[in-house]
Amino acid sequence: MATLELKGIKKSFGSTDVIHDMNLDVNDGELIVFVGPSGCGKSTMLRMIAGLETLSAGQISIGGKRVDHLPPTDRGIAMVFQSYALYPHKDVRGNLGFALKHAKVPQKEIDERVNKASEILGLSDLMKRKPRELSGGQRQRVAIGRAIVREPDVFLFDEPLSNLDAALRVHMRVELLKLHQRLRNTMVYVTHDQVEAMTLADRIVVFREGRVEQVGTPLELYRQPMNTFVAGFIGSPAMNFLMARVEDGTVKLADTPVCKTSANNGSVKLGIRPEHLALSDDGPFDGKVSVFEHLGGESFLHLTLNDNQTMVAKLDGERSFAPGDQCRLGVRQEYCHVFDESENRVVE
Amino acid sequence: MLVKQRISSVGIHAVLIAYSVLALFPLALIVLNSFKTRKAIFRDPTGLPLGESFSAKGYDSVLSNSDFPLYFGNSLTVTVVSLVLILLLGAMASHALSEYRFPGDTFLGLYLVLGIMVPIRLGTVALLELIVSMGLANTLTALILVYTAQGLPIAIFIFTEFLRSVSKEIKDSARIDGLSEYRIFFEVVIPLVRPVIATVAVFSMIPIWNDLWFPLILSPGEESRTVTLGVQQFIGQYTVNWGAVLASLSVAILPVLVMYVIFSKQLIRGITAGAVKG
């Protein structure tokens, strides 16, 4: 059980800066998710916490104790890798107990801890198998088990689910959540999948190009994205962005008023999530249907507005449209996100 | 379709059998004739050693009459020690080259494999001077050092390629588990590349065992002769004891064969399957 503190962390490879001044406090028992597109520095940050990369500047503390000068094994962390990284020549029991055996833990205690971890993860029947005889999901569970037996202060996960197929990924996501609820450990989880981030996280850290764009609970990020990047990254399908103008406190699309704002006059970006759009006879978004995707319970309506901007709406599965149909959509005031010219949110 | 498959399978086997016969013919000839009398060897070189033509005199003179067991031991010592050094140093150097980034790493890698392109025999005179001035002439150490130097470039070249393919995450995972860099090498990396080690061992071993050049030049002394050099004592200026020459060659094949069988068991692919996604 421990807090994790990152202070003024910088990392550069040669002359390229990959992390610019990162600061973050992770509370005890919190599951924090680093999310961002590939190459944004989130994995590098995790590897620095683990001690696999050196820091160019800054401090890392775990449980109030500074650890950035310690080797990985003394930091009280355990890491689960994307490729599982199991030792292929050892069976499941050997893989689970390897770190403890190396740390000269008495055999009796190793057995106890290994058995406990295998019980938690349902691996008890597989203890004699080699990694190559396991399925992807089982290998992933062994990798997690290997982390559990070390009884670390902080768990680090580096995209642990991205090698699994879609159905298994959803299943393992739930398993991970259950595991976290059971162990109540501090966990740092890296992913590029915003759905994983939304479902798992207590708090999300959104990375872009080595900078933290926003830190907040999943719902904060969803409801109040601080800029267009976060707004577009969180939520699926992605938020619609429309070029609009502000005239005397009103956002106008062409000449149609859409919503109120405190932004100054000038051009703005109007962000609206597809799920917040609804069919409306007097709505401001008027255009032609270009594509209509029916998924059964819901449907996606791709609309080309009269000024040639496009948007996607998520509707229920009741109505059907054909390409070329005329259609009008509306949105409620509280679902309008207004971003200024430097892409930052206009606080209402 | 089935007929076609059968024909092509017969064809493939015919080619393979023909090649095997061709490759084994000289070996068979050596072994066959080592059991024959001198007369029979020349009268009918391909005949079987039956009845009158059979004679184990060659083996007799090899095993009783000479220092053959000593030569045999020398060859074995030189080969095994050189092999261990080549595999150990080669694998360690390659691990460092593929795992760590340090200034001059590319240059060092190139320098280490440069030896592939320069035949070590070109440096014989310099090597001889060096060995003599080190006081190592007529010792097995001289041969071991030269063979290790001879085997390292190609070993490093092959190892580096394969060690690069070892998943970085496994090594990182071992680091988090608290293993030192040496133990990562011996306990995690080496078990993963066992097939490659066997491959390198097999074709580093054979040139060393078969070499005549360096034993002849660096250690021709009575005590430090190897098998290949020892055979020469049966080849006189005027008479050649063919029975003994062939018998000693037959015996010399055996250890290479045994080592090959041992290593080829390790040449099992797919040991890494399941370590990482794949």
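Where is the place of Arg332(A)? I looked this up in a predicted model, in which local features need pLDDT of at least 70 and side-chain atom pairs count only at pLDDT 80 or more, while totals for chains, interfaces and linings use all residues. Residues are numbered from 1 along each chain as its sequence is written, and chains are lettered from A and ligands numbered from 1 in the order in which they are written.

**Entry on Arg332(A)**

I found Arg332(A) in the loop between strand E19 (326-330) and strand E20 (337-339) of chain A; helices (H or I, at least four residues) and strands (E, at least two) are DSSP runs, numbered from the N terminus. Arg332(A) counts as exposed because it has 12 C-beta neighbours inside 10 Å. The rule is that a residue is buried if 20 or more other C-beta atoms lie within 10 Å of its own, exposed if 12 or fewer, and partly exposed in between, with C-beta atoms placed from the backbone. I also noted that Ala278(A) stands 54 residues from Arg332(A) in sequence, while their C-alpha atoms are 9.0 Å apart in space.

**Entry on chain A**

I counted eight helices and 20 strands in the secondary structure of chain A, and 42% of its 348 residues count as buried. Along the principal axes, the C-alpha atoms of chain A fill a box of roughly 75 × 45 × 35 Å. Chain A is divided into domain 1 (4-232) and domain 2 (237-339), with bounds that come from an automatic or database domain assignment. The centres of these two domains, taken over C-alpha atoms, are separated by 39 Å, and their contact takes five residues from domain 1 and seven residues from domain 2; two residues are in contact if their C-beta atoms, placed from the backbone, lie within 7 Å.

**Entry on the cores**

Which residues have the most contacts inside the largest nonpolar core? This core has 139 residues, and the ones I was looking for are Val33(A), Phe34(A), Ile49(A), Met79(A), Leu156(A), Val188(A) and Leu143(B). A nonpolar core is a set of buried Ala, Val, Leu, Ile, Met, Phe, Trp, Tyr and Cys residues joined through C-beta atoms within 7 Å. Helix H7 (residues 140-164) of chain B gives the most to this core, with twelve residues. Apart from this core I found another, of 13 residues, among them Tyr71(B) and Leu246(B).

**Entry on packed helices**

Two packed helices are described by the angle between their axes and the distance between the axes. I saw that helix H2 (residues 92-102) and helix H3 (residues 107-121) of chain A pack at an angle of about 135°, with their axes 10 Å apart. Axes are lines fitted to C-alpha atoms, for helices over the stretch in contact, and angles run from 0 to 180 degrees between N-to-C directions. H2(A) and H3(A) are therefore oblique to each other, where angles under 35 degrees count as roughly parallel, over 145 as roughly antiparallel, 65 to 115 as roughly perpendicular and the rest as oblique. Their contact is made by residues including Leu96(A) and Leu100(A) of H2(A) and Ile110(A) and Val114(A) of H3(A).

In chain B, the axes of helix H5 (residues 105-113) and H7(B) come within 7 Å and cross at roughly 130°, which makes H5(B) oblique to H7(B). Gly109(B), Leu112(B) and Val113(B) of H5(B) make this contact with Pro153(B), Ile156(B), Phe157(B) and Thr160(B) of H7(B).
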